[in-house]
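Please open the structure in your viewer and keep the selection tool at hand.

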Amino acid sequence: MIQVVNRPALAAYLVLIALAPLAHAQPELTLTDSATRLVFENSPAGWRVRELSALRLPRSSSPNPSVSPSPALPIGTPNGRYTFLYSATAPDTKSLGPALTEFYDLSAEPKNGHIERDWLRATDPVALNVAGEARTFLPRDATRLRDGTLEFRHSDDVADLRAHYALDPQYPGDIRATLTLTAKRAGFFSLATPSLTTVAPADLTWAVVPGFFQGAKLERNLLLSYGYGQGLPDKPVVLRESTASTLASIITAKSGATLAVIAEPGTAADPWAADRDTRATWKLGLSHLNRAGELSPTLYHPVLGQHGSQLAAGESRTFRFRYSVRVGDWFSAHKHAVENIYRFPAALALREPRHSLTTRIRAQHRYVTDDRTSLWRVEEFEGVQIGAQSYFGAVVGAKERGDSIKNSDYGAMWMLAKLTGDPKLTRDRLPFARNFKLKQVQAEPGFFQGAAVGQYYLPKSKRFTEEWGDHVEPVALTYYALLDLGNILLFAPDDAKAKARFKLSAERLLTWQRPDGSWVTGYGRKTEKPVFTDLTDFRPTFYGLLVAYRILGDEKYLAAARRGADWLVAHAVQQGKFLGVCGDVRFLPDFATAQIAQALLDLHAATGDTKYRDAGIATARFYATSVYTHPIASTEPRTANKTKVAEWEINQAGLSFEHGGLMGSAVGRGPILLASHAGLFIRVHQLTGESLFRDLARSAAVAREAFVNPTNSVASYYWVNLNDGPGRFPHHAWWQIGWITDYLMSELALRSRDAVAFPRGFFTPKVGPHASYGFAPGKIHGEPAELSWGDVAIDDPAIDCLVARAVNGNRVYLLLMNEVGREKTITVTPDPRSLTGGKAAAFSSAKILGATNAPALTANAPLSLELPGYGLSVIALDYATP
């Protein structure tokens, strides 16, 4: 007899059978794969964790395959405690302190209102993790489901909680977890990730919450740790996702094993949910300590009193995250979160530029040479005409907004003048900018002789001043004297007056260096005594002495640079402590960290000492945590400035912040578009082979048109401003010319395996490690060549084109780079007269260099080429002269 089966009913029955629990009386439950082992045991108090270990993979090259793998590496003391927070009423938002006055004398410095406001917010009960009632427990009920996953259950008078754990077959070592809380009473709830293990301070190698802090020790000074990221706070603070660069908390134990807790994508707030900035929404909290103050990476969702935390009786909330266990350090866990969980490399595949980077440089050239748009001004000071651009940001001592002028990137200014030969630069800009620099550096004898006495000139007061106070910093001497004058001298080595002033500055920095190799943070202009004594100069101050060695050739400067670098490596790099250079936020850590990385790599190049290379790479890894890596980019529609865009076009992932943490500009304005670190990251990738650096650099640089003003091609500084343009900061265009060039030159060296390489100058002051080029010839496939300028039409905006001319003979080089990962078929039409400086009306030959089976090219016709994804083509165009 044929029996009719109700297939949907049968399918449902089979699912129920599959999910039916096994025996409840098991003494232990285990989840294990090739990378981790997690063992729960049924104790009198409930189900606790007996073991959490990272497993070493067996070495395939072992001479004796029968030998078992190396022992498991334990992570801390197994625990397994659960915590959720409950409050019947909304948590208080009043600050509990400590006040900033407990750390430094606020009355002795100009008022930083936004710092004080952000500190008050960061010291309320929720942020300090004392709000609500902590319900901590071990679950009584546990089940292994037939699919091998585990489920734990707990119930008390305010809520029921169910936890589910499953190994991730795609990523060995990852345990996917889901917590579901159902309220029995109305109120506010917050779920914390269970503490599978706790690490004793003595057993800690490193802990990091990306974007906030990192270190190997707990720091009692809450302003230094919580505010400046110098060490780990000794309180279980709850951090906001808006300035967490990667949504993870990571701890490495001395066993060599690392545990990370990573929020599943979609848990945190969308920074731009539809048509506006929604970064103020707080859905995810992060900490390095659990509520009890024990070292255990912990996430919170929802955050107590914040979005989604208020529940009615019977209402539920679900929190999805994963534990990631591995043999390796914090950076490997960070990379896993970025690349695999938040799928960062896949976002690059979405990019399609509307304008090439070299087209942007050309447009910015027009902007900076237009007196009206660039707000260029010439003022008389002590009988000399000095030139700079108007600045409309806040400067202490200015009579009004706009009563200050400033130059930014001297290297980029002299570089663009050399490449273009534009008289608007060589005649109308550079002489007055040079005068500005010479007057900015004190020549008169005294304590500050040789020092840069201020970043800004105030025309109404006829004096130079610092941005945010009446003081002089040694690092400002490095920046605004030695770096700027050093870059001028690379292009004009015979400028005797500039060299004399440069030497004064080198001697002053040498005099101010302390016996241990360090410098103070600053000196009062009137008192000549140290100021900001609560802060340590964890900045690239030593780099000025390396610049002095390169310009003046005296070994004493190199020896002093090494002393400064040795001190900085021991006290800053090895401890993960850094200080910034923006006075308006009291030197919160910023892009100066990336400059330390480049300074150490440059010192390695000068000395051959590998300790500086290794320290430079380590610092670059720290700076990678200053780059946003969430949310996952998509093609979903968004509205930005009333314009329809794809989400990836405005996605913050790949952009660094000016200063993050809980008091930096990223709190209210998000990341920045000035990606000075991009070239450094390409160079670090070339040194290490680490793909994350390359991908972070390309993400920051390519297809960011949603932030580029269409009328002047200058990007906005802050992400939140979208494409409003330079705004109050017209001098930023020079920094943009500088960093884009540095990125492109670094990509040339990488893609050609150094067959195309040019000498790099000194990095720019303040905003990052990008440097100038063009002051000396480089090499193109063994032949000396100089960077140049000229018109080349290309029918695809994904292609960048740099130009060079042979030092010997009549040859022009086109250096073509594909900036996306897809193959491009393009047509290139070079202009002979423009590229040869008017020497030739036509080219006599054209060929592709450095490529096997390269197609033949016709010299005086549009050139058809195929460029692979992220490919390079070097075209040599020869010409004859009359």
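A residue is called buried when its relative accessible area is under 20%, exposed when it is over 50%, and partly exposed in between (1.4 Å probe, protein chains only). The model is a predicted one, in which local features need pLDDT of at least 70, side-chain atom pairs count only at pLDDT 80 or more, and totals for chains, interfaces and linings use all residues. Residues are numbered from 1 along each chain as its sequence is written, and side-chain values use heavy atoms, with hydrogens and water left out.

The structure contains 55 salt bridges, a salt bridge being a side-chain nitrogen of Lys or Arg within 4 Å of a carboxyl oxygen of Asp or Glu.

Select R48 and E41. They form a salt bridge whose closest N and O atoms are 2.5 Å apart. R48 is partly exposed at 26% relative accessibility, and E41 is partly exposed at 23%.

Next, select D160 and K184, whose side chains meet in a salt bridge at 3.4 Å, N to O. D160 lies in strand β9 (residues 159-167) and K184 in the loop between β10 (174-183) and β11 (187-192), 24 residues apart. Strands here are DSSP runs (E, at least two residues), numbered from the N terminus. K184 is partly exposed, with a relative accessible area of 38%.

Now select R322 and E264. Are these residues buried or exposed? R322 is buried at 3%, and E264 is buried at 9%. Their side chains meet in a salt bridge at 3.0 Å, N to O.

Finally, select E133, R135, D156, D157 and R185, which salt bridges with shared partners join into one network.

Technical notes: Helix = DSSP H or I, 4+ residues; strand = E, 2+ residues; numbered from the N terminus.
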